[in-house]
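Open the model in your viewer and keep the sequence panel beside it. The tour goes from one selection to the next.

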Amino acid sequence: TGRTRPERLLQYLQKNGTRGDANNVVDTIDRFCGTVEWAMNVGGEKGKIVDKVVLETNPGTVLELGTYCGYSAVRMGRLLAPGSRLITLEMNPAYAKVAKEVIAFAGLDKQVEVLVGSTTELIPQLKKKLDIDTFDMIFLDHWKQSYLPDTKLLEECGLLRKGTVLLADNVICPGTPDYLQYVRSSPKYLSQHFPSVLEYTNAPDGLEKSVYLG
Ligand SMILES: O=C(NC/C=C/[C@H]1OC[C@H](O)[C@@H]1O)c1cc([N+](=O)[O-])cc(O)c1O
Ligand SMILES: [Mg+2]
């Protein structure tokens, strides 16, 4: 009966999920998207690669661009060490509202903070707003044509440090050709591709991990 897909996803979670159990929230959303209704979460297969990168990086500060329903914020937030923070930016207020409820349902509202607004407007405000100097990890999953300009904006705002890990979703499908070309050719990055599949399908997709060299 939810009017929008995010609302239907949240209702399914509230009905079928286990409050306070972040692993169960991830699995319940994946079951909804695999059996009821497709949604643009990073999903289970690519999600396992995200898990591996988060565990290897062990980031104290994470910035996510494009929250949607909060699936990847929960997926990453559940793996962070106590005291770590994940900030996620979402320009669509209706999505942000659902995401905040999904994150609270998972019991991660202390570690994860959702900011509503455009990345262009919010990124230059983060240092002031959050008392954060630089991010240890960035997860890019918003408008595909925004990956490159927002990466340059992050550089310009001094939010990256030597070793910051940028992990980008959908570099194959829908595709982010200009971003890929940049991180793979720029001397400022060391890039690695992780082939996978588009969430809940067997269409080719992949993640790109790019380490900022300063
Ligand atoms: O457009 C995609 N993501 C863009 C998300 C945009 C979000 O950020 C801004 C907007 O408010 C929305 O919440 C996307 C699209 C597909 N797809 O298969 O079409 C698959 C994915 O994993 C995706 O992240
Ligand atoms: Mg995506």
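Start with β6 and strand β7 (residues 204-212), which pair in the antiparallel sense over nine bridges. Bear in mind throughout that this is a predicted model.

Next, select Y189 and look across to β7, where its bridge partner is Y212. Then show K152, whose charged end sits over the ring of Y182, 5.2 Å from the ring centre.

Now display the whole sheet. Seven strands make up this open sheet, in the order β3-β2-β1-β4-β5-β7-β6, with mixed pairing. Which are the edge strands? They are β3 (112-116) and β6 (189-197), each of which pairs on one side only. From one strand to the next, the twist averages 15°.

Bring in helix α3 (residues 44-57). Helix α3 lies across β4 (135-140), β5 (160-168), β6 and β7, and runs at about 150° to β6.

Last, turn to the aromatic rings. How many aromatic pairs does the structure hold? There are five. Select Y12 and F32, which form a tilted pair with 5.1 Å centre to centre and 50° between the planes. Y12 lies in helix α1 (residues 5-16) and F32 in helix α2 (residues 22-35), so this pair ties together parts that are 20 residues apart in sequence. Are these two residues buried or exposed? Y12 is buried, with a relative accessible area of 17%, and F32 also counts as buried, at 2% relative accessibility.

Key
Residues are numbered from 1 along each chain as its sequence is written. Chains are lettered from A and ligands numbered from 1 in the order in which they are written. This is a predicted model: local features need pLDDT of at least 70, side-chain atom pairs count only at pLDDT 80 or more; totals for chains, interfaces and linings use all residues. Side-chain values use heavy atoms; hydrogens and water are left out. Rings of Phe, Tyr and Trp (its six-membered ring) pair if their centres lie within 6.5 Å; planes under 30 degrees apart count as stacked, over 60 as edge-to-face and the rest as tilted. Helices (H or I, at least four residues) and strands (E, at least two) are DSSP runs, numbered from the N terminus. Buried means under 20% relative accessible area, exposed over 50%, partly exposed in between (1.4 Å probe, protein chains only). A charge sits over a ring if NZ of Lys or CZ of Arg is within 6 Å of the ring centre and within 35 degrees of the ring normal. Two strands pair if DSSP finds at least two bridges between them. Axes are lines fitted to C-alpha atoms, for helices over the stretch in contact, and angles run from 0 to 180 degrees between N-to-C directions. Contact means heavy atoms within 4.5 Å.
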